[in-house]
Amino acid sequence: MRTVLLIRHAESTGNRYDRHLFGSEGAPLSGLGQSQARELGKKLEEHGIDMNQRVATSELTRTQQTAQLAGFENRIVYSLIHVNAM
(Lines give C-alpha, C1' and ligand atoms only; values in the text may rest on other atoms or scores of the structure.)
Protein backbone atom coordinates (compact mmCIF):
# COMPACT_ATOMS: atom_id res chain seq x y z
CA MET A 1 0.00 0.00 0.00
CA ARG A 2 1.26 3.48 -0.84
CA THR A 3 1.10 6.42 1.47
CA VAL A 4 0.63 9.94 0.16
CA LEU A 5 1.42 12.90 2.40
CA LEU A 6 0.29 16.40 1.53
CA ILE A 7 2.41 19.02 3.21
CA ARG A 8 2.07 22.75 2.88
CA HIS A 9 5.24 24.78 2.51
CA ALA A 10 6.81 26.31 5.60
CA GLU A 11 6.46 30.03 6.41
CA SER A 12 7.56 32.23 3.51
CA THR A 13 8.61 35.84 3.60
CA GLY A 14 5.20 36.62 2.07
CA ASN A 15 3.47 34.97 5.05
CA ARG A 16 5.89 36.59 7.48
CA TYR A 17 5.19 40.10 6.33
CA ASP A 18 1.45 39.57 5.84
CA ARG A 19 1.60 39.70 2.05
CA HIS A 20 -1.26 37.36 1.26
CA LEU A 21 -1.30 38.24 -2.41
CA PHE A 22 1.95 36.49 -3.33
CA GLY A 23 0.03 33.75 -5.15
CA SER A 24 2.36 32.25 -7.71
CA GLU A 25 5.24 34.63 -7.04
CA GLY A 26 8.43 33.12 -5.74
CA ALA A 27 8.52 34.27 -2.12
CA PRO A 28 11.33 32.32 -0.38
CA LEU A 29 11.12 30.83 3.10
CA SER A 30 11.66 33.12 6.05
CA GLY A 31 14.19 32.22 8.74
CA LEU A 32 11.39 30.65 10.76
CA GLY A 33 10.21 28.78 7.67
CA GLN A 34 13.68 27.31 7.18
CA SER A 35 13.63 26.06 10.77
CA GLN A 36 10.13 24.65 10.27
CA ALA A 37 11.24 22.74 7.16
CA ARG A 38 14.20 21.19 8.98
CA GLU A 39 11.92 20.21 11.86
CA LEU A 40 9.51 18.66 9.35
CA GLY A 41 12.28 16.37 8.13
CA LYS A 42 13.06 15.26 11.68
CA LYS A 43 9.38 14.59 12.42
CA LEU A 44 8.91 12.58 9.22
CA GLU A 45 11.90 10.40 10.12
CA GLU A 46 10.60 9.96 13.69
CA HIS A 47 7.33 8.68 12.22
CA GLY A 48 9.13 6.18 10.00
CA ILE A 49 8.69 7.97 6.70
CA ASP A 50 11.20 6.74 4.11
CA MET A 51 13.24 9.84 3.26
CA ASN A 52 14.50 8.18 0.07
CA GLN A 53 11.15 8.59 -1.67
CA ARG A 54 10.52 11.05 -4.48
CA VAL A 55 8.73 14.27 -3.62
CA ALA A 56 6.55 16.34 -5.94
CA THR A 57 6.55 20.10 -5.48
CA SER A 58 5.28 23.01 -7.49
CA GLU A 59 7.69 25.33 -9.26
CA LEU A 60 7.45 27.83 -6.40
CA THR A 61 10.67 28.60 -4.55
CA ARG A 62 9.11 28.12 -1.11
CA THR A 63 7.84 24.62 -1.91
CA GLN A 64 11.19 23.52 -3.29
CA GLN A 65 13.05 25.01 -0.30
CA THR A 66 10.73 23.22 2.12
CA ALA A 67 11.41 19.86 0.44
CA GLN A 68 15.16 20.47 0.28
CA LEU A 69 15.50 21.54 3.90
CA ALA A 70 13.31 18.66 5.07
CA GLY A 71 15.88 16.28 3.56
CA PHE A 72 14.54 15.49 0.09
CA GLU A 73 17.06 17.63 -1.82
CA ASN A 74 18.07 14.96 -4.36
CA ARG A 75 14.65 13.42 -4.88
CA ILE A 76 12.45 16.35 -5.88
CA VAL A 77 10.31 16.07 -8.99
CA TYR A 78 8.21 19.02 -10.09
CA SER A 79 4.48 18.88 -10.40
CA LEU A 80 2.86 20.28 -13.50
CA ILE A 81 -0.25 21.19 -11.55
CA HIS A 82 -0.43 24.45 -9.64
CA VAL A 83 -3.48 25.02 -7.49
CA ASN A 84 -4.25 28.55 -6.36
CA ALA A 85 -6.44 28.35 -3.28
CA MET A 86 -7.55 31.97 -3.50
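# A walk around helix α2

Start by selecting Gln36, which is partly exposed at a relative accessible area of 34% (buried means under 20% relative accessible area, exposed over 50%, and partly exposed in between, using a 1.4 Å probe and protein chains only). You are looking at a predicted model, in which local features need pLDDT of at least 70 and side-chain atom pairs count only at pLDDT 80 or more, while totals for chains, interfaces and linings use all residues. Residues are numbered from 1 along each chain as its sequence is written, and side-chain values use heavy atoms, with hydrogens and water left out.

**Around Gln36.** Gln36 sits in helix α2 (helices are DSSP runs of H or I with at least four residues, strands are DSSP runs of E with at least two, and both are numbered from the N terminus). Now show Ala10 and Glu11: Gln36 touches both, leaving aside residues up to four places away in sequence (contact means heavy atoms within 4.5 Å).

**Zoom out for a moment.** Colour the chain by its elements and you will find three helices and two strands. Starting at the N terminus, they run α-α-β-α-β. Of the 86 residues in the chain, 33% are buried. Among contacts with a separation of 6 or more, 43% are between residues 24 or more positions apart.

**Along α2.** Select residues 31-46 to see the whole of helix α2. How far apart are the end C-alpha atoms of α2? They are 23 Å apart, which agrees with the 22 Å that its 16 residues should span at 1.5 Å a residue (the expected span is 1.5 Å times one less than the number of residues).

Next, highlight Gly33, Ala37, Gly41 and Leu44, the buried residues of α2. Looking down the axis of α2, you will see these buried residues fall within an arc of 95 degrees, so they line one face of the helix (the arc is that of the directions from the helix axis to the C-beta atoms). An α-helix has 3.6 residues a turn, so residues three or four places apart point the same way. On the other side of α2, pick out Gly31 and Glu46, which are exposed. After α2 comes Gly48, with a positive phi near 80 degrees.

**Where α2 meets α3.** Select 61-72 to bring up α3, the helix that the buried residues of α2 pack against. The axes of α2 and α3 come within 7 Å and cross at roughly 45 degrees (axes are lines fitted to C-alpha atoms, for helices over the stretch in contact, and angles run from 0 to 180 degrees between N-to-C directions). That angle makes α2 oblique to α3 (under 35 degrees counts as roughly parallel, over 145 as roughly antiparallel, 65 to 115 as roughly perpendicular, and the rest as oblique). To see the contact itself, show Gln34, Ala37, Arg38, Leu40, Gly41 and Leu44 of α2 together with Thr66, Leu69, Ala70 and Phe72 of α3.

**Two last stops.** Go to Thr13 in helix α1, residues 13-16. Is Thr13 buried or exposed? With a relative accessible area of 19%, Thr13 is buried. Thr13 touches Ala27, Pro28, Leu29 and Ser30, again leaving aside residues up to four places away in sequence.

Finish at Glu59, in the loop between β1 (55-57) and α3. Glu59 counts as partly exposed, at 46% relative accessibility. Its C-alpha atom is separated by 8.6 Å from that of Gly26, although Glu59 and Gly26 are 33 residues apart along the chain.
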